[in-house]
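Thanks for passing this one along. Here are my notes, as numbered points, for you to read beside the model.

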Amino acid sequence: MNYQETLDWLFVQLPMYQRQGAAAYKKDLSNTLLMSERLQHPENNFKSIHVAGTNGKGSTSHMLASVLQEAGYKVGLYTSPHLKDFRERIKINGKEITEKYVVDFVAEQKTFFETNFLSFFEMTVGLAFQYFSDEKVDIAIIEVGLGGRLDSTNIVMPEVSVITNIGLDHTQFLGDTLKKVAFEKGGIIKFNIPVVVGEFQKETFPVFKEIAKVKNADLFLASELVKENYDSDLIGAYQKHNIKTVIQAIKLIRTKGFLVSETDLKNGLKKVVENTGLLGRWQLLQENPKVICDTAHNKEGLLYTMEQLKKESFVKLHIVLGVVNDKDLAAVLPLFPKNANYYFCKPDLGRGLDAHELKSAARGFGLNGEVFLSVNQAYKNALKNATTEDCIYVGGSTFVVAEIL
């Protein structure tokens, strides 16, 4: 198989949460452990930082990678989902895994994958860990895919564990209360491994405190401990929480023998996009009219982005909006401004919510606009209707953003 055929096989043949949702969620690590054994435990061959959380884990992971790159280390970065190309998920010093490595790995393991019914995510984790092992990275930043306790990445034994924050997302898997979700995310806390919690939340912090106590893991609350206030090229106002989380994690990684100066830290935070290629976080696509896209897709994330949107100056606001079909619309739609023209669309995947359904639900919250056949058609119409003094916001789903980048 060539690269495209390999991707088609990965995406279509086996369950993939990004496209299928619930059908792809595994409730234990048995397959991951089987795969790790098959690959001779590549996760034991490199040091890591493990990052979980409802929001901010992607930005935090990229910031950490950027800082450690500035310090001169060879840094692996595993994140999900991808926006444009599958290879975005697996990078070393900002450079994506080669097509050849992906093709060769899948070809070599294909029979094993099929025989044992591995999921898309399990296979991708195996690919990433094998790649980081083969390339002898100094450290890898590993972002949790979904939850924590039962996530395929949770076989790493990191130098530091990081939990950014907790919100009600993916409740069908992680639980319908913040405490239940915190328990799942807190599953990445390991015996005697320090853990950084980004933000204090009264419902969730006691959960982390209890798990950390049982695991004899020192717990550090970044929002309380970090007094520094550094800038980043990730310009969303919500990044201030992630920056504090990163600073605290870097303080801990220094105690593990990693040499990271204050200059490395500052430069790394200012060069995240340049160093890692991160996309879709309050990303400015053009001026006149100003076009902003953001991958925020749940209540907690959208609270921050909608607050930031209020601070923009414009004559009219145009919002290109699409969501996936498991989204809690009653929780997210009230956050969007009523004084905007909406361009409702369906992201191009099986889990996308029909744009007519979205329009109907949105109308109940005073959000009005038209339905378009595709994300691109919606975006083109917004650009056509907007004057140079207007602002266009594109979001609601990672997949909507992916289609216009």
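1. Strand 2 (residues 75-78) is covered on both faces: Val 75 and Leu 77 are buried on one side, and Gly 76 and Tyr 78 are buried on the other. Buried here means under 20% relative accessible area with a 1.4 Å probe, counting protein chains only. In a regular strand, side chains alternate between the two faces of the sheet. Strands are DSSP runs of E with at least two residues, helices are runs of H or I with at least four, and both are numbered from the N terminus.

2. Strand 2 runs parallel to strand 5 (residues 139-143), with four bridges joining them, and Val 75 stands opposite Ile 139. Strand 3 (residues 90-92) is antiparallel to strand 2 and joined to it by three bridges; there, Gly 76 has Ile 92 as its bridge partner. Pairing requires at least two DSSP bridges between two strands.

3. A caveat on the source: this is a predicted model, where local features need pLDDT of at least 70 and side-chain atom pairs count only at pLDDT 80 or more, while totals for chains, interfaces and linings use all residues. Residues are numbered from 1 along each chain as its sequence is written, and side-chain values use heavy atoms, with hydrogens and water left out.

4. Overall, the protein has 18 helices and 14 strands. Its C-alpha trace spans about 55 × 50 × 40 Å along the principal axes. Buried residues account for 59% of the 405 residues.

5. Among contacts (heavy atoms within 4.5 Å) between residues at least 6 apart in sequence, 76% join residues at least 24 apart.

How values were computed. Buried means under 20% relative accessible area, exposed over 50%, partly exposed in between (1.4 Å probe, protein chains only).
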